[in-house]
Amino acid sequence: MIGVLASRLLWAIPTMLAIITLAFFMMRIAPGGPFDGERAMTAEVKANLERAYKLDKPVYVQYGHYLAGVVQGDFGPSFQYRDQSVSGLIRQGLGPSLLVGGLAVSLAFVMGMALGITAATHQGGVVDRLTMALASLGLALPSFVIAPLLALAFGVGLRLFPVAGWGTAAHLALPVFALSIPYAASIARLTRGGILATTSAPFVRTARAKNVSPARILWRHILPQAIMPVVSYLGPSAAGVLTGSVVIETIFQIPGIGRYFVQGALNRDFTLVMGVVIVYAAMIIVFNLLVDLVLQRLDPRTRSTA
Amino acid sequence: MAIWRVSLAGLFTGSALCNGKPMRPLLICFAIFFSGCGGPIDRPAREDKTHIVRVNDDEVRTLDPHKVSIVTDGRVVGDLFQGLIDLDVSGRPIPGQAQSWSVSDDGLTWVFILRPDLVWSDATPLSAEDFVYSFRRLVLPATAAPYANLVNGWVGARAILKGEAPAERLGVTALDSQTLEIQLIRPEPALLNMLAYAALVPVPRHVIAKHGDAWSRPGTLIGNGAYTLSSWRRQASMEMVKNRRFHAADSVALDRVTYVPISDEMAAVRQFRAGEVDIVPDFPGTMAAVLEQQLGDQVHIGPYLTTFYWVFNTTKPPFDSPAVRRALSMSVDREAIIKSIMRTGNAPAYAMVPPDTGSYGPAHLPDWASWPLEARRTEAKRLLEAVGITPASRLEVVHRYNTSDTYQRIALAIGQMWAELGVDLVLFNSETAVHYAALRSGDYVLGRAGWAADYAAPENFLFVFASASKGLNYPRYRNPRYDELLDAAVSESDVPTRMALMRQAEAILIEDSPILPIFYYVSKYLVADDVTGWSPNVLSAHRSRWLGFAP
């Protein structure tokens, strides 16, 4: 177990290096630079800016410089937010993204499981069809449609929650719900599918034959098996949700890091994009590792080989 | 298509409150999608009359005035700092940290007398030396100030900016602790307007000496404006409280100002309707009519010193021919674009300098601007046929623009207007950074651009197309006569003569048509009806020090 963990973590180092290198050079290959904005600059001013950010140096020198910084935990200065370091920006933004994302994943898990179990236990019936239709709708409606609708209905209309902003628990309600919808929908479908696939498995038939109660069969025998696709799905998607959603963060004004990814890329804020890429990549690596560990616990077949 | 339009309009206008009474959520969703009711909205008024919440159109990028490059930053810097000159409620220059000034007869030497007993928000005295330090820091190459070129007309500035001279060579001297002298290489009648700009406020040298580049972060930032920064949660809100040490603190009505960054215009409108914010600095032009219906005179649309135009690459055929450029410019029906696409009553542009820019007066109009559209098209056809472009021969032109629905629609409209002349417009969009990199490097034939005034002076628009304007002169326009006239104009201290020379220069520019001006922008604001001290102005400058609430 510890051996697996150590080797996986060791592998993470070349993986991260490859990601950083690829992202770094892809950013530089893209046309347009951080100072090609709507507001034009005179040649002298632009030259001074490029010098200040060492953009006048050859790209490989910049790369070496950047890597050396990253190893020491310094992601460099942001090009766009000029008096801020990228590390500082990420430190400030990660908390809100993790909070909203964590709550959304939890809510999605609870809602999705509940809907999935309900649908599976009423297979073929009206409840099943309704639940699955709801799940399809949740998957199909993009968050830039759902989020403003929620804000209009519960914020402007009913005045139950703030339309947008940050600071109190009430501010979390709408973004967390909006963010959780598509994930809840996926989880509901995966749970339903998983349960139905497991129901006909030999060990379930054996349990039935031994007259085990249906509830115990569901919770003790079917679910641990049926939940595996959900766990595999949750890993990478949790990494995505936790690092922030640009749409949700923009519409509800959440001070997270999701917006930095898109804005940074559009503004060619090289260091900011790199910083977010590194955080995102690290999260994916960690979550995939967690998923594998959980799957090992859930599946008796993998336990002996581990 | 039509149905989608209706539902989209519903989505954005969402009359969830048809008659002031809340409805059930499902009903609201339907109402939103199929709304036909656009009656007035009952917006809750603010209870705390000492605290205003303003929307900023994006996250502030820096609070270091020397690093400011966008309006978003300038807006808050204007509350936290004050330059020698400030702007009144109408955007006109008024005494700021300076109480009076005088200018020499040749217009080259200005002397400013500071108000007595000025202090920074931490009570450190503020003297003329602070201004000397600040102006030098602005032009130092190491500062890399995006607006350093504003002071190009000051003695020594350009050489320092290029790293060819030490900062001490800048023509700014503290004659004593309360007297500051600025020396110019050419007269600058608009100097006062310029001095009100965010990049020309003083920065606290005692704080910068201690904290270096990190001085402008919350906790260390010290200013001299009407407000001081109390907290800043990035992407959430910026809180300011009244600066009791501000020289005019007694006249500042509001104790607290909150700026919330909202880049999604629709989200800002929703928050305004919910009464969560009091001033919104922009909204989608397509919503103007609906908002006016719902919010009445809380909607403000006014002229703004910014020009929307297309640029021709004058080094590439067929746009190396002034006649072709002029013909295409002539044949564009600006009124139609404004009426059906912009829908915010913009003024049509036939020239670069917007109307009422400083002392410039009305905008320049080429003679053809007053012709009927048919006559303009006939003349355009004649000019094009002379160089072999006819409806039968077809000329394909690629138009580059930075991705935006509005720009795309404008391009489609113009493409249609040109089709009958034998010109086929091909649209090519890219993201902002790519677009401007292409314009800058000349990798285009026809492109979209815009220019906003940093301060109200015509030279601020016209210098863009001088041969020496490297990096700004996208059309690569070169006309020695234009350069000469512009040089003569900026060397002239007599304002009427100066303006006359500028008008002559602009007449040449428009005759040569390296640009195709289309319209002048408008500023679009939502301002709660109980807010006082707000007045529309062409600079779109609204200092919080003037704001208050009606009792």
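Me: Before I go on, what are the ground rules?

Reply: This is a predicted model, where local features need pLDDT of at least 70, side-chain atom pairs count only at pLDDT 80 or more, and totals for chains, interfaces and linings use all residues. Residues are numbered from 1 along each chain as its sequence is written, chains are lettered from A and ligands numbered from 1 in the order in which they are written, and side-chain values use heavy atoms, without hydrogens and water.

Me: Which way does strand 5 of chain B pair with strand 7 of chain B?

Reply: Strand 5 (residues 109–114) pairs with strand 7 of chain B in the antiparallel sense, over five bridges. Pairing requires that DSSP finds at least two bridges between two strands. In strand 7 of chain B, B:Glu181 stands opposite B:Val111.

Me: And how many bridges join strand 6 to strand 7 of chain B?

Reply: Four, and strand 6 (residues 172–176) and strand 7 of chain B run antiparallel. B:Val172 stands opposite B:Ile182 in strand 7 of chain B. A hairpin joins strand 6 of chain B to strand 7 of chain B through two residues.

Me: Zooming out, how much of chain B is buried?

Reply: Of its 551 residues, 59% count as buried. The C-alpha trace of chain B spans about 75 × 70 × 35 Å along its principal axes.

Note on methods:
Buried < 20%, exposed > 50% of the residue type's maximum accessible area, 1.4 Å probe, protein only.
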